[in-house]
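Here is my note on the model, point by point. Please read it with the structure open.

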Amino acid sequence: MKGGVMITTTCDENSDRPLVIVAHASVGSGHRSAAQAVAQALEDLCGKHPNLPADTEIAVLDILDYGYVKFDGDKTANVTVVFNSLYDFTWHHVFTGRLLWAGGWGWSPCMFKPFTRLIEKRKPIAVITTHIVAANAAVAARMITRQVFPLVCVPTDYGAEGFWPHLDCDLFCCADEEMVKELKPRKVPDSHIKVTGIPVRKGFSEPCDREAVLKSFGLPKDKINVIVMAGARLAQPYMPFREIVNKILPCLSDFPEMHFSFLAGADEEYAAKLREFFEERRITNVTVFNYIENIPGLMEASDMIIAKSGGLATTECLCARLPLILVGKSYGQERANTLTVTAVGAAVTAETSEELLKQLDQIHSDPTRLQTMLSGGETLRRPYAARDIATTTLDMVGTIKPPKRHFAKVYWGKKPHRVR
């Protein structure tokens with residue numbers, strides 16, 4: 001809370017405070033992080049933008065909390081890991097094809113009526129969504145209540161699924177120009193498209209005292225500092241990644257000019273096993289961390305990262321000017337992310353442990369490759385995306401016409417820009 005501003009994760013439908021909703025779905029962590037980033041930007045604008053009063057409540061809401069049918073979004077995310085080939089096929093050949101979803105109110109009464117009731121009672125200034133389920137619930141609520149707030153869609157990957165409500169939202173905030181080329185065959189008007197980048201939280205673009213940050217983490221300042229992003233809040237999505245990385249653990253001492261920082265996230269058991277392994281083999285150029293607070297600082301101070309290709313995580317690395325080695329075979333939207341960042345030279349890939357060792361060896365032998373990768377990443381780097389999204393949304397307040405109502409609408413798009 002800053003001054004009269006209130007950022008909440010729940011929302012009292014009987015309150016009379018001005019309200020902006022930033023809605024996500026707890027399917028993985030990227031959608032939530034992007035929503036939080038936009039909320040931070042809105043907080044900074046409260047009382048400064050004419051359409052955002054100083055006492056505004058900014059609600060970062062998980063749309064799954066408002067569903068009649070309760071399900072665990074994180075378990076759903078884990079299923080896509082287990083059935084990755086099927087997920088990849090549907091994402092690339094069905095969800096991005098010519099038959100597209102425009103939007104409608106039909107599913108809301110049986111799924112998200114509590115969210116519609118919240119919209120009806122609170123009459124938000126605007127709604128910004130970072131997940132397709134949240135976007136469709138907001139479209140339905142606006143149609144049913146006949147309100148005129150701006151409704152903004154923010155995909156958090158470098159490719160957009162066909163289930164976004166293409167014709168019933170007011171703005172698509174695109175990660176890059178390639179996404180613009182995806183949306184045009186879907187008949188999204190030019191006036192409803194803006195390249196903003198994917199929103200990241202504060203800290204990923206701010207200068208840091210490299211030596212001070214490395215000292216605070218107990219890391220050497222005269223080595224190539226490599227982050228190994230081996231975990232987060234959930235362990236399951238990182239299992240394929242770990243299978244590859246675990247095979248090269250005995251070889252890390254072969255890279256004396258590098259120091260590896262393993263981030264195990266909330267998985268304390270995995271962190272303990274890593275520490276035991278390195279201690280038994282006396283591998284000293286490695287540090288193992290669990291959850292840490294200052295991840296932006298560590299990323300800014302490091303020289304390279306080994307990670308999986310999530311859209312939000314990849315974008316955070318780009319904003320922190322951190323070259324990437326993307327590990328493992330990517331599926332679905334993660335394949336779109338991989339293709340995007342490798343095409344500009346900001347990342348290299350390693351689908352096997354042998355390929356990972358080869359990439360490390362090449363960089364260890366020629367560290368100037370990192371500078372080349374940094375230069376490539378500048379074309380995608382948009383560290384102020386959250387502020388751009390917040391400002392553009394608020395600028396639309398008062399310009400929206402009442403939406404036309406339809407139960408459900410699908411339509412036939414033009415030839416897709418790219419078959420991934």
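1. Start with the largest cavity. Its lining has three nonpolar, three polar and five charged residues. In this scheme Ala, Val, Leu, Ile, Met, Phe, Trp, Tyr, Cys and Pro count as nonpolar, Asp, Glu, Lys and Arg as charged, and the others, Gly among them, as polar. The lining has 11 residues; Thr96, Glu182, Arg186, Pro416 and His417 lie nearest the centre of the cavity. The volume is about 80 Å³.

2. A word on what you are looking at. This is a predicted model, in which local features need pLDDT of at least 70 and side-chain atom pairs count only at pLDDT 80 or more, while totals for chains, interfaces and linings use all residues. Residues are numbered from 1 along each chain as its sequence is written, and side-chain values use heavy atoms, with hydrogens and water left out.

3. How are cavities and pockets found? The search runs on a 1 Å grid over the protein atoms alone: a cavity is a set of points where a 1.4 Å probe fits but cannot get out, a pocket is an open set with protein on both sides within 12 Å along at least five of seven lines, and lining residues have an atom within 4 Å of a point. Grid points are joined across faces, edges and corners, and a volume is the space filled by probe spheres set on the points. The count by this rule is two cavities of 30 Å³ or more.

4. The second largest cavity holds about 50 Å³ of space. Leu318, Arg321, Leu322, Pro323, Ala346, Met373, Leu374, Gly377 and Glu378 line it. By class, that is six nonpolar, one polar and two charged residues. Helix H15 (residues 368-377) gives the most to this lining, with three residues. Helices (H or I, at least four residues) and strands (E, at least two) are DSSP runs, numbered from the N terminus.

5. Leu374 deserves a look. Leu374 sits in helix H15. Buried means under 20%, exposed over 50%, partly exposed in between (1.4 Å probe, protein chains only). Leu374 touches Arg321, Leu322 and Pro323, leaving out residues up to four places away in sequence; contact means heavy atoms within 4.5 Å. Leu374 and Leu318 are 56 residues apart in sequence, yet 8.3 Å apart in space, C-alpha to C-alpha.

6. Next, the second largest pocket. Its volume is about 390 Å³. Of its 16 lining residues, Leu167, Asp168, Asp170, Pro403 and Lys404 are the closest to the centre. Helix H6 (residues 132-145) supplies the largest share of the lining, three residues. The lining divides into seven nonpolar, three polar and six charged residues.

7. Now the interior. In soluble globular proteins, nonpolar side chains tend to be buried together. A nonpolar core here is a set of buried Ala, Val, Leu, Ile, Met, Phe, Trp, Tyr and Cys residues joined through side-chain atoms within 4.5 Å. The largest has 71 residues, and Ile21, Leu61, Ile63, Phe115, Phe172 and Ile305 have the most contacts inside it. H6 gives the largest share of this core, eight residues. Apart from this core lies another, of 34 residues, including Val228, Phe255, Met258 and Val348.

8. Helix H16 (residues 385-395) has these buried residues: Ala385, Ala386, Ile389, Ala390, Thr392, Thr393 and Leu394. What covers them includes helix H1 (30-45) and strands S5 (126-129), S6 (151-153), S7 (171-174) and S8 (193-195).

9. Check Lys308. Lys308 lies in the loop between strand S12 (304-307) and helix H12 (311-319). Lys308 counts as buried because its relative accessible area is 17%. Its side chain makes a polar contact with the side chain of Glu334, at 2.9 Å. A polar contact is a pair of N or O atoms within 3.5 Å; within protein, one must be able to donate a hydrogen and the other to accept it, and residues adjacent in sequence count only if both atoms are side-chain atoms.

10. Lys123 is not a glycine, but its phi is positive, near 45°. Lys123 is exposed, at 57% relative accessibility. Arg146 also has a positive phi, about 60°, without being a glycine. Arg146 lies in the loop between H6 and S6 and is partly exposed at 42%.
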